[in-house]
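Reader: I have a new model open and would like to learn how to read it. Please take me through it feature by feature.

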Amino acid sequence: MNKNNILTVCQFNKVNMVVNKQKQYCAKCSLKRGRGWTNKMISLFYPTPSLEVTNPHYATAPRMKLYKILEVERIEQTEPFKNYWNRIAHKREVARAMMT
């Protein structure tokens, strides 16, 4: 697959932004908020992002780290990830119980 088929560069508020036409990448914040990953999980299981792009909202902000969704899904199916996920899920439940 040609890279030009996946990504298109456009002008947005005078900042070059990568537009993902086919939703093949997700941002680090999407991994954390949308999929429940933590910074530790990202550093352990997917430490190097697939792509880094200029932040479309703030030109002086750090570059956005993008991760391939297919790779994220593959990682989530591995046994080490599932074990880690179950361990932190238990910790989250205990923390929620203590808050009530």
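Reader: Which residue lies over the face of W85?

Author: A charge sits over a ring if NZ of Lys or CZ of Arg is within 6 Å of the ring centre and within 35 degrees of the ring normal. Here R92 lies over the face of W85, at 5.6 Å from the ring centre. Keep in mind that this is a predicted model, where local features need pLDDT of at least 70, side-chain atom pairs count only at pLDDT 80 or more, and totals for chains, interfaces and linings use all residues. Residues are numbered from 1 along each chain as its sequence is written, and side-chain values use heavy atoms, with hydrogens and water left out.

Reader: Is W85 buried, exposed or partly exposed?

Author: Buried means under 20% relative accessible area, exposed means over 50%, and partly exposed lies in between (1.4 Å probe, protein chains only). W85 is partly exposed, at 28% relative accessibility.

Reader: How many aromatic pairs are there?

Author: Rings of Phe, Tyr and Trp (its six-membered ring) pair if their centres lie within 6.5 Å. Planes under 30 degrees apart count as stacked, over 60 as edge-to-face, and the rest as tilted. The count here is 5 aromatic pairs. One of them joins F45 and F81. That pair is edge-to-face, with 5.2 Å centre to centre and 70° between the planes.

Reader: Which parts does the pair of F45 and F81 tie together?

Author: Helices (H or I, at least four residues) and strands (E, at least two) are DSSP runs, numbered from the N terminus. F45 lies in helix 3 and F81 in helix 5, so their pair ties together parts 36 residues apart in sequence. F81 itself is buried, with a relative accessible area of 3%. The rings of F81 and W85 also pair: their centres are 6.1 Å apart and their planes at 20°, so this pair is stacked. F81 and W85 are 4 residues apart in helix 5, about one helical turn. Ring pairs link W37, F45, F81, Y84 and W85 into a cluster.

Reader: What does M41 touch, beyond residues up to four places away in sequence?

Author: Contact means heavy atoms within 4.5 Å. With those neighbours left out, M41 touches G36, Y46, F81, Y84, W85 and I88. M41 lies in helix 3 and is buried, at 0% relative accessibility. Look at M41 and Y84: they are 43 residues apart along the chain, yet their C-alpha atoms are separated by 8.2 Å.

Reader: How many residues does the largest nonpolar core have?

Author: In soluble globular proteins, nonpolar side chains tend to be buried together. A nonpolar core is a set of buried Ala, Val, Leu, Ile, Met, Phe, Trp, Tyr and Cys residues joined through side-chain atoms within 4.5 Å. The largest one here has 13 residues. L31, W37, M41, Y46, Y67 and V72 have the most contacts inside it. Helix 3 (39–45), helix 4 (69–76) and helix 5 (79–99) each give this core two or more residues. Another core, of 5 residues, lies apart from it, and Y25, A27, L51 and V53 are among its members.

Reader: How many disulfides does a search of the whole structure find?

Author: A disulfide is a covalent bond between the sulfur atoms of two cysteines. The test is a pair of cysteine sulfur atoms within 2.5 Å. The search finds 0 disulfides. Take C29: the closest cysteine sulfur, in C26, is 8.6 Å away, too far for a bond. C26 is buried at 10% relative accessibility, while C29 is partly exposed at 38%.

Reader: What pattern does the protein chain follow along the sequence?

Author: The chain has 5 helices and 5 strands, in the pattern α-β-β-β-α-α-β-β-α-α. Of its 100 residues, 28% count as buried. N55 sits in the loop between strand 4 (51–53) and strand 5 (64–68). N55 is buried, at 12% relative accessibility.
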